[in-house]
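Subject: Structure handover

Hello,

Here is the structure we talked about. Please open it alongside this note; the findings follow below.

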Amino acid sequence: MSALEWYAHKSLGDGIFWIQERFYESGNRANIWLVRGSEQDVVIDTGLGLRSLPEYLYSSGLLQDCGAKEDAAHRPLLAVATHVHFDHSGGLYQFDRVAVHHAEAEALARGDNFETVTWLSDSEVVRAPSPGWRARQFRVQAVQPTVILQDGDVINLGDRQLTVMHMPGHSRGSICLHDKDRKILFSGDVVYDGSLIDWLPYSRISDYVGTCERLIELVDRGLVEKVLPGHFNTFGAERLFRLASNYISKAGICHKVSTFAMRSLASLALRVTNSRTSP
């Protein structure tokens with residue numbers, strides 16, 4: 001299957017494109033965002049990487065053909081992982097320039113499929129990307145990041161800047177990217193319009209509460225009007241406030257006990273499925 005068949009996109013205007021993997025039919029299917037700038041383009045998350053995402057970006061015309069050397073010299077392409085979970089990081093190996101938060105950089109460099117929580121079934125991939133492909137073959141490939149991100153870093157695209165916000169809880173290296181001028185938040189799995197997951201390896205409820213408090217502060221200060229999440233549909237500031245507030249209100253003792261049990265089960269299942277490389 002070609003990359004043009006595997007992916008689909010739509011424009012949200014203002015240089016932002018929403019890309020999805022058409023034949024990965026799962027609640028884990030991640031949103032891929034392309035943000036075009038005057039001096040640099042950024043891909044936020046890369047999906048499973050079962051077909052070439054860079055090939056799709058150029059073949060579909062979203063980016064100018066890399067054969068145009070004079071344009072490529074001025075418009076480098078950076079792939080940013082909001083975190084290293086498999087549904088977001090599987091395609092990072094296809095890019096020359098890769099950015100990830102320092103808390104998860106070593107896991108990505110090791111190809112640690114325990115920390116990437118790799119869990120994929122044949123039933124979720126409704127059309128095989130290549131003859132004979134099976135989900136059990138899938139692994140997140142080791143990638144040496146070229147850019148290590150920290151909270152407060154700014155990714156300069158020329159005519160727009162994306163500020164890195166370290167927002168742990170879902171994972172230890174989860175980030176949001178905040179376009180302050182346009183009041184847009186690329187939230188990854190920090191927040192999306194669904195049940196927030198805090199029971200995976202390296203999830204931490206106390207961190208998630210602090211993250212949700214930062215999200216509420218963004219809304220209270222009028223700094224976010226639109227959220228482009230890692231899963232499902234986009235939403236606005238009012239919904240962001242409600243999602244963050246609801247998480248905080250439910251993060252009590254009972255939630256912590258049940259989450260501990262779920263995390264133990266998830267960790268056991270992932271250890272059986274994936275061999276973990278020790279640091």
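Two strands count as paired if DSSP finds at least two bridges between them. Keep that in mind for the sheet. Note too that this is a predicted model.

**The sheet**

Six strands make up an open sheet, ordered E8-E9-E10-E11-E12-E13, with mixed pairing. Strand E8 (154-156) and strand E13 (235-236) are at the edges. Each has a single partner strand, so one side of each lacks a neighbour in the sheet.

Start at E8. Three bridges link E8 and E9 in the antiparallel sense. Asn-156 has Gln-161 in E9 as its bridge partner.

Next comes strand E9 (residues 161-166), which pairs with E10 over four bridges, again antiparallel. Here His-166 is the bridge partner of Ile-175 in E10.

E10 then meets strand E11 (residues 184-188) through three bridges, and these two strands run antiparallel. Asp-179 sits opposite Ile-184 in E11. The hairpin of E10 and E11 has four residues between the strands. In that hairpin, Lys-183 takes a positive phi near 60 degrees.

**How is E10 covered?**

Strand E10 (residues 175-179) has five of its five residues buried. In a regular strand, side chains alternate between the two faces of the sheet. Both faces of E10 are covered. One side carries Ile-175, Leu-177 and Asp-179. The other carries Cys-176 and His-178.

**Ser-174**

Ser-174 lies in the loop between E9 and E10. Is Ser-174 buried or exposed? Its relative accessibility is 1%, and the cut-off for buried is under 20%. Therefore Ser-174 counts as buried. Its side chain makes a polar contact of 2.7 Å with that of Ser-171. Leaving out residues up to four places away in sequence, Ser-174 touches Thr-82, His-83, Glu-104, Met-165, His-166, Met-167, Pro-168 and Val-190.

**The cores**

In soluble globular proteins, nonpolar side chains tend to be buried together. The largest nonpolar core here has 39 residues. Ile-19, Leu-57 and Leu-120 touch the most other members. Several elements give two or more residues to this core, including helix H1 (3-6), strand E2 (16-21), helix H2 (53-59) and helix H5 (102-110). H2 provides the largest share, three residues.

Leu-120 is worth a look on screen. Its contacts are Tyr-24, Leu-48, Phe-86, Val-125, Trp-133, Ala-135 and Phe-138, not counting residues up to four places away in sequence.

**Helix H7**

Helix H7 (residues 237-250) has 14 residues. At 1.5 Å a residue, H7 should span 20 Å. Its end C-alpha atoms are 20 Å apart, which agrees.

Which residues of H7 are buried? They are Leu-240, Leu-243, Ala-244 and Tyr-247. These four cover an arc of only 90 degrees around the axis, so they are on the same side of H7. Glu-238, Ser-249 and Lys-250 are exposed on the other side.

**Asp-96**

Asp-96 is in the loop between helix H4 (86-89) and E6. Its relative accessible area is 75%, and exposed means over 50%, so Asp-96 is exposed. The C-alpha atoms of Asp-96 and Thr-146 are 8.1 Å apart, although 50 residues separate the two along the chain.

Best regards

Conventions: Residues numbered from 1 in each chain as written. Predicted model: local features only at pLDDT ≥ 70, side-chain atom pairs only at ≥ 80, totals over all residues. Heavy atoms only, no water. Core = buried A, V, L, I, M, F, W, Y, C linked by side-chain atoms within 4.5 Å. Buried < 20%, exposed > 50% of the residue type's maximum accessible area, 1.4 Å probe, protein only. Contact = heavy atoms within 4.5 Å. Expected span 1.5 Å × (residues − 1). Arc of directions from axis to C-beta. Polar contact = N/O pair within 3.5 Å; in protein donor to acceptor, adjacent residues only side chain to side chain.
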